[in-house]
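Here are some friendly exercises on salt bridges, each with a worked solution. Have a look at the structure first, then follow the steps.

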Amino acid sequence: MDFKSFIRDVPDFPKEGVVFKDITLLLQNPKALNTTANALFDLLNGQKIDKVVGMESRGFIFGPMLAHKLNAGFVPVRKPGKLPSSTLSETYDLEYGTDTLEIHIDGIEKGDKVLIHDDVLATGGTAKATCNLIERLGGEIVQCNFLIELTFLKGGSRINDYAVKSLVKY
């Protein structure tokens, strides 16, 4: 499937100078949605996963779908103040500022084999912060999966200690 045909560019969003990759066309099309979920699953090549970690907010779309296909748990990573129990936090850089992510301290158990999933790998700040959180909790990162990788931003270099796979590269 030509995944790029379901991804549109939105210039100057969320701020001037940024070209946002909008996946809503892909999500609205049942065949594209199902094909994408299956293709993301196939990127794992049968590896054993205990937990899928998805980052707010678009990592919450395919992350639970992957967890279901893998018979694994799903652990959300969210912005500060959004998770109701005790959390661990990590601050990171975006291509247009800084932010902080949090994970429940009981979301990952020592030795859990973890798949990280998000929709876009840009500068790698979000992914690296999430990797740090998982490792601080004792998890083992098996792979980082992305629907889209913006290779010109070189985010993969921030997480090159891990297997990184994406369906679409720009």
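**Exercise 1.** Work out how accessible Arg-78 is, and find its salt-bridge partner.

*Solution.* Step one: Arg-78 has 23% relative accessibility, which makes this residue partly exposed (buried is under 20% relative accessible area, exposed over 50%, partly exposed in between, with a 1.4 Å probe and protein chains only). Step two: Arg-78 pairs with Glu-56 in a salt bridge, with 2.9 Å between the closest N and O atoms (a side-chain nitrogen of Lys or Arg within 4 Å of a carboxyl oxygen of Asp or Glu). Step three: Arg-78 sits in the loop between strand E4 (73–77) and strand E5 (87–94), while Glu-56 sits in the loop between strand E3 (51–55) and helix H3 (59–70), 22 residues apart (DSSP runs numbered from the N terminus; helices, H or I, have at least four residues and strands, E, at least two).

The model is predicted, so local features need pLDDT of at least 70 and side-chain atom pairs pLDDT 80 or more, while totals for chains, interfaces and linings use all residues. Residues are numbered from 1 along each chain as its sequence is written, and side-chain values use heavy atoms, leaving out hydrogens and water.

**Exercise 2.** Decide whether Asp-119 and Arg-58 are buried or exposed, and place their salt bridge.

*Solution.* First, the N to O distance in this salt bridge is 2.4 Å. Next, Asp-119 belongs to strand E7 (residues 113–121) and Arg-58 to the loop between E3 and H3, so the pair ties together parts 61 residues apart in sequence. Finally, Asp-119 is buried at 5%, and Arg-58 is buried at 19%.

**Exercise 3.** How many salt bridges does a search of the whole structure find?

*Solution.* The search finds ten.
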